[in-house]
Amino acid sequence: MEFDLDEGLYVFEITLGYKIADQDQMTVPFVLKADDIEEAEELVLEYLELIQLAGSFWVAEIVGPYDPNEYQHLVEEGEKEGWDRLEDYSAEDFLEILHSDEL
């Protein structure tokens with residue numbers, strides 16, 4: 001996992017919440033780069049708007065900030081899980097999450 005140094009100063013792990021059968025669920029964490037926690041949350045909300053799923057998902061948890069080089073080292077050493085980047089998920093991927101847990 002290589003991080004683009006132009007995307008932001010820090011790496012954040014973002015967990016999204018969603019509702020299935022009136023029960024709150026949570027996704028696995030996603031990673032993204034931002035300059036601070038507020039920007040990280042804003043980027044997630046903008047992305048959810050862009051893929052037209054803002055009403056279906058919300059930011060449940062943000063962990064970080066991590067220095068990108070240190071984070072990458074922790075992943076390479078197996079001390080941290082190598083989560084997918086948020087931008088690697090499409091609207092279809094998120095719809096699959098919503099429908100995979102339906103009873």
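Before I continue, two remarks on the source. This is a predicted model, in which local features need pLDDT of at least 70 and side-chain atom pairs count only at pLDDT 80 or more, while totals for chains, interfaces and linings use all residues. Residues are numbered from 1 along each chain as its sequence is written, and side-chain values use heavy atoms, with hydrogens and water left out.

Let me turn to the overall dimensions and packing. The C-alpha trace spans about 40 × 25 × 20 Å along its principal axes. Of the 103 residues, 36% are buried; buried means under 20% relative accessible area, exposed means over 50%, and partly exposed lies in between, with a 1.4 Å probe and protein chains only. Among contacts (heavy atoms within 4.5 Å) with a separation of 6 or more, 71% join residues 24 or more positions apart.

Next, the surface and the charges. The protein chain exposes about 6400 Å², of which carbon and sulfur atoms supply 45%; these areas come from the Shrake-Rupley method with a 1.4 Å probe, and for residues only the protein chains shown count as cover. There are 4 positive and 30 negative side chains, and the centres of the two sets lie 3 Å apart. Lys and Arg count as positive and Asp and Glu as negative, without His or the chain ends, and each charge is placed at NZ of Lys, CZ of Arg, CG of Asp or CD of Glu.

I finish with the backbone. Which peptide bond is cis, with omega near 10°? It is the one from Gly 64 to Pro 65, and Pro 65 belongs to strand β4, residues 57-66.

Ala 21, in the loop between β1 (10-20) and β2 (23-26), has a positive phi near 50° although it is not glycine. Ala 21 is exposed, at 56% relative accessibility. Gln 52, also not a glycine, has a positive phi of about 60°. Gln 52 sits in the loop between α1 (37-50) and β4, and is exposed with a relative accessible area of 71%.

Definitions and conventions:
Helices (H or I, at least four residues) and strands (E, at least two) are DSSP runs, numbered from the N terminus.
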